[in-house]
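Please open the model in your viewer and keep the selection panel at hand.

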Amino acid sequence: MRSGPGRTARTIGRAGAIALPALAAAHAAPVISTFGPLRNRAMPRLAGRGRPDHVALTFDDGPDHLSTPHFLRLLDARGIRATFFLLGSMLARSPGLAKEMAAAGHEIGIHGWHHRPLLLRGPRATYDDLARARDAVAEVTGRPPTLFRPPYGVMNTAAHLTCRRLGLTPMLWTAWGEDWRKRATPDSVHRTVTRDLSGGGTILLHDSDCTSAPDSWRTTLAALPRVLDTCETRGWRVGPLREHGVPGL
């Protein structure tokens, strides 16, 4: 039987109606890693699970010339190094600060160039964003980064493929302080972090308020000594991800 243009068009339309949702589902499938309890149990590497006697301390959204230096001074006074996931757009404003962070021994990862959800980007836009941030960090610090934390902690298939191409390892967290919220207090940040924290965990905090409530970094800064004291009391050494013992990192 010969098929005319109309039948061909209907066939293509039906195929598209099936294929497009399937492609969208494949693109978004890794979003399941956003759910902390499931991630911590089923995806220990992505969650940043390391040695049971160690806790990885990480910060997002810097470098911010107004807030980040306060964190650097506090960490230096405590003899602690951390991992900072930098936004390329913030790095472009304060390249000297990023260079100072790396020179002080802190580990530098990338948080993308713009703080935008990966689910709203296609493969090309995802690659361009991550590559731009990676290249900027490499140029400023003299060392290409190897770690990537997605904005909002949401990965997609394009991001996983891009990380593979760029030599980046996605890294989320096991405990956070919800320090970006307007209603957060030093007590709530400390309580929220330590409630979910165990040996081998990775902490997420923010050294900048560029995507958070105004001045929220001050709350984080005030909570940080108590978080470090709790880790010390529980016998956990605090340091960057490179010292954390994440399998395959």
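This is a predicted model, and the tour begins with its largest nonpolar core, which has 48 residues, those with the most contacts inside it being L57, F59, F84, I203 and L224. In soluble globular proteins, nonpolar side chains tend to be buried together.

Next, select I203 and display its surroundings: beyond the neighbours within four places in sequence, I203 is in contact with V55, A56, L57, T58, A175, V193, L197, V227 and C231.

Strand 2 (residues 83-86) and strand 3 run parallel and are joined by four bridges. Now colour strand 3 (residues 107-110) by residue, and you will find E107 and G109 pointing one way while I108 and I110 point the other way, with all of them buried.

The remaining stops concern the backbone in loops. Select G62 and P63, which are joined by a cis peptide bond with omega about 0 degrees; P63 lies in the loop between strand 1 (54-60) and helix 4 (68-78).

Continue to Y152, in the loop between strand 4 (147-148) and helix 8 (157-166), where phi is near 65 degrees, a positive value in a residue other than glycine.

Finish at E178, in the loop between strand 6 (175-176) and helix 9 (186-196). E178 is not a glycine, yet its phi is positive, at about 50 degrees. Is E178 buried or partly exposed? With a relative accessible area of 23%, E178 is partly exposed, because buried means under 20%.

Conventions: Residues are numbered from 1 along each chain as its sequence is written. This is a predicted model: local features need pLDDT of at least 70, side-chain atom pairs count only at pLDDT 80 or more; totals for chains, interfaces and linings use all residues. Side-chain values use heavy atoms; hydrogens and water are left out. Buried means under 20% relative accessible area, exposed over 50%, partly exposed in between (1.4 Å probe, protein chains only). Helices (H or I, at least four residues) and strands (E, at least two) are DSSP runs, numbered from the N terminus. Two strands pair if DSSP finds at least two bridges between them. A nonpolar core is a set of buried Ala, Val, Leu, Ile, Met, Phe, Trp, Tyr and Cys residues joined through side-chain atoms within 4.5 Å. Contact means heavy atoms within 4.5 Å.
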